[in-house]
Every structure is written in C-alpha cells, then in structure tokens.
2 protein chains.
Amino acid sequence: MSQYYRSLNRLIDNGVDTISSEKLAHIENITSAQVRKDLSFFGSFGKRGLGYNTLKLKDQIGEILGLDKKWHVGLVGAGNIGRALTDYNEFKKQGFFIDVVFDADPAKIGTQCNNIPILSVAEADKYSHKNKLDIMIIAVPASAAQQVCNTFMDLGVKAFLNFAPISLQVKDDVVVKNENMSVEIESLSFFLHNKNGND
Amino acid sequence: MSQYYRSLNRLIDNGVDTISSEKLAHIENITSAQVRKDLSFFGSFGKRGLGYNTLKLKDQIGEILGLDKKWHVGLVGAGNIGRALTDYNEFKKQGFFIDVVFDADPAKIGTQCNNIPILSVAEADKYSHKNKLDIMIIAVPASAAQQVCNTFMDLGVKAFLNFAPISLQVKDDVVVKNENMSVEIESLSFFLHNKNGND
DNA sequence: AATTGTGAACCTCTTCACAGCT
DNA sequence: AGCTGTGAAGAGGTTCACAATT
C-alpha cells in the first residue's frame, strides 16, 4: 500500500492522471490481479474500462494509511543510524517528524541532533506526560533494545520501529516493525554464495 | 536464517551450548515447528532428545549464508544514510566491509567517508575492472536509483541493497533487496490509525 | 523421557478467468 | 472495447501430530 502511495506521487509529478492496474503492476514488479486485490480490499477506487485516477487514489490510500494525520515520533539512540534518521527526507515527506531524541550518553544529553533536543532516557517519563509519543524508533545496540522498549511500552507507546538486530518481546496490543539491514545483506550473501556454487 | 544466526551468537556469548527448537522459537517469536522446518530444509543439524548444539549450528548457518566468505561491497550515495552505513557495526560484524563509495557531488569526490575513499560514479567502470564488487548498496534519491542500478548491472554486479523508495527493474539473474524505512513506519501509522478508529 | 525430522492437514496469499460496469 | 472487482483454483508457507532417534 505504502509503495503504491509513493509510486502514485511520482506518477502525479509526471502529469499522469489515470493508470490501469496493469501499468501500476509493472511499476511495482507484481501482477495486475494483485494490484486489484490489494486496492479492492479497502473499497472500489477504480472505474471499469478506464483505470484509477492517480490523484484520487493517492488521497484515498493516504487516508487508509493515516498519513493525513500527524504522528509524534521519538527516537532512542543518537548513534550513526539515529543521526541519519533525524535528517531522513523520506520520513519528513510523509509527515513523520521526529520531535525528540533520547540517549544514554551523558556527553550527548542537552545537545541537539539536527536541531532536535537530546534528552536522557530517565527524562522520558516526564517528557511523555507533557508530550504525545505515538511512535518510538529504537536505534540502540541489541543489548539495550528490549529494556528501552519496555520503558516506552510502560509509558504507553503502542508502535515501535526497531533497528536493533533482535526480536523484541511486546504486549499483544503493541506493534513492532523491524528494520534489520543485516538480514537483507545476508540474504544477498546467500544468493551470491549459492549462485556461484551452482555455476 | 539470518535471525537465527544472530540469536545463536548471543546465546553462545551467554554460555548456552545446547538449545531446543522450542526455546529458539520463543526467542524468535515463532513456533517450534517453524524452527525445525527452517533448519531441516538445509540438513539434519539437531540431535533427537537433546536439541541443537549452538556453536555447531551457528557455523553451519554461517556456511549456508556464505558468511565464511568475504564479500566486496560498494556504496553509492554519501548522504545521511550512506554515511551511517559506512560505519554500521552490524555489517562489519558479519564481515561485510564497504571498500568504496561513489557519489555525484564534485565537492565530495576525492574526500573520504569514515576512511573509505569517495569516487565519482564515472570512475566506477575503471574501479570495477581492478576490484571486485559483489554487492552494491544504493543510497541515492529515488530519481537517480534506477540509473545507478543500471550502471552497476552493466558492470556485472548481481546483488543490490536498495535504500531508495522505488521498485528497481533488474535482469533475471540479478537480485535486489529493498530496505524501505518509510514503508515500515507507514505500516505503523496504519496500525495506529485503525486502532484508534475502533476504540 | 525428550526432542528432532517430516508427511498430512490447514491456512493464507497469489494468480486465473470472467462477469459486470463504464 | 477496455478494465475493474471478485469467486474459484492454485501455490506457497505454517502448524499439527507423531514416528524415529538419542
């Protein structure tokens, strides 16, 4: 869904105002039936014989994904990944602005990261009572990730984006999405390894 | 598989030398049958009545994933994400070292990024004739990603890790893994949006 | 007694194919 | 005529349950 949204934005920028499931499928490297199934699950957005209106479809998907809302995002871990994320344009473009950064390093606390204040994790409690925190991004080492997650779960955060390379244990009403770059590069390693083995 | 590998490393560090599919499943938040199916696909690594030897299993998975080999990785795009990746410890730990960075910005060319030289994309041809490039990481804007991908495909690169938020079109013998952080955060947005709607 | 490895059942996601709109 | 929306068929992946093994 998210991927359709992005492709539609690009199509709109290029002045395309109508698109068929066939063409959209080609862009996404999937089948046209898949596109129609995905979209029809949420409603009837297309016109038979014509296709989908790019602008209308984009808005409808945006609404489904809740992109019309502004979510308050916090980040834990002002390391390499954390710093990159505070200035990541794709997040900003979709309306995900990072309000606050938490870190454990006393040298960093009180400073800023791309104009976002860095607080101590101990201040999270106080912060969360004054400010909304819808989504927390965890960009700390694996050894600290579960503890950090627990801290913010206890403060009522229901959605986590986890960059630490472990599987977090969470309550039933909490959702975690993992962003594990090592997993992906290792699957490339697997592919190359096997390809060469069969040559 | 990759996730098992990481968990096994942590178990070994903690002095655990044997583990059952049940316990490993618990760590990964999956079922024990799933663990056994995954592992048995590649061979019989366990001992009935006992479980799996952590050290042996780790080595066997490492071999399957090709982690005993050293892969030569190149990076295109010395932006926020690119810079973070050149110093990303998880890659280094698994043996993925970035040898070279390519960028289009004349101001960056000739400089270094965490001690890795930054070359112009025009020099990629020359570079690739003298050095191996097994995996290319694409960390450029969406508008440039396909072109960059084509350039390196033509130079014979068969594996890409793509951080640009588009679906790359590649030849049949080439594999692309996408690392699209916006997709994940948007799925969190979707979750929160719907949860609140049903409250 | 404990735990693996695996056929069979089950479930979920994908593709096919075509009726029904525009 | 062209393209969507969707039931039915098919493929792929997950779980069950138990014989085999240590």
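Of the interface residues of chain A, 100% are also interface residues in chain B, so the copies meet through the same surface. Two residues are taken to be in contact if their C-beta atoms, placed from the backbone, lie within 7 Å. The structure is a predicted model, in which local features need pLDDT of at least 70, side-chain atom pairs count only at pLDDT 80 or more, and totals for chains, interfaces and linings use all residues. Residues are numbered from 1 along each chain as its sequence is written, while chains are lettered from A and ligands numbered from 1 in the order in which they are written.

The contact between the chains takes 45 residues from chain A and 46 residues from chain B. On the side of chain A that touches chain B, at least two residues each are supplied by α1, α2, α4 (54-65), α5 (80-86), α6 (89-93), β8 (159-162), β9 (175-178) and α9 (181-198). Helices (H or I, at least four residues) and strands (E, at least two) are DSSP runs, numbered from the N terminus. The largest share of this side, 13 residues, comes from α9(A). Its residues divide into 22 nonpolar, eleven polar and twelve charged. Here Ala, Val, Leu, Ile, Met, Phe, Trp, Tyr, Cys and Pro count as nonpolar, Asp, Glu, Lys and Arg as charged, and the others, Gly among them, as polar.

A residue is near a molecule or strand if its C-beta atom, placed from the backbone, lies within 6 Å of it. In the surface near DNA strand C, α3(B) has the largest share, with six residues. The residues of this surface comprise seven nonpolar, eleven polar and seven charged. Around DNA strand D there are also 25 residues, the closest being A:S44, A:G46, A:G49, B:R48 and B:G49. Two or more residues of the surface near DNA strand D come from each of α2 (21-28) and α3 of chain A and α3 of chain B. The largest share, six residues, is that of α3(A).

Within chain A, helix α1 (residues 2-13) packs with α2(A) at an angle of about 105°, their axes 11 Å apart. This makes α1(A) roughly perpendicular to α2(A), a term for angles of 65 to 115 degrees, where under 35 counts as roughly parallel, over 145 as roughly antiparallel and the rest as oblique. The residues in contact are A:Q3, A:Y4 and A:S7 of α1(A) and A:L24, A:I27 and A:E28 of α2(A). Axes are lines fitted to C-alpha atoms, for helices over the stretch in contact, and angles run from 0 to 180 degrees between N-to-C directions.

Chain A also has an open sheet of seven strands with mixed pairing, in the order β5-β6-β4-β3-β7-β8-β9. Strands β5 (112-113) and β9 of chain A stand at the edges with a single partner strand each, so one side of each is left without a neighbour in the sheet. Two strands pair if DSSP finds at least two bridges between them. Strands β3 (residues 71-76) and β4 (residues 96-103) of chain A pair in the parallel sense over six bridges.
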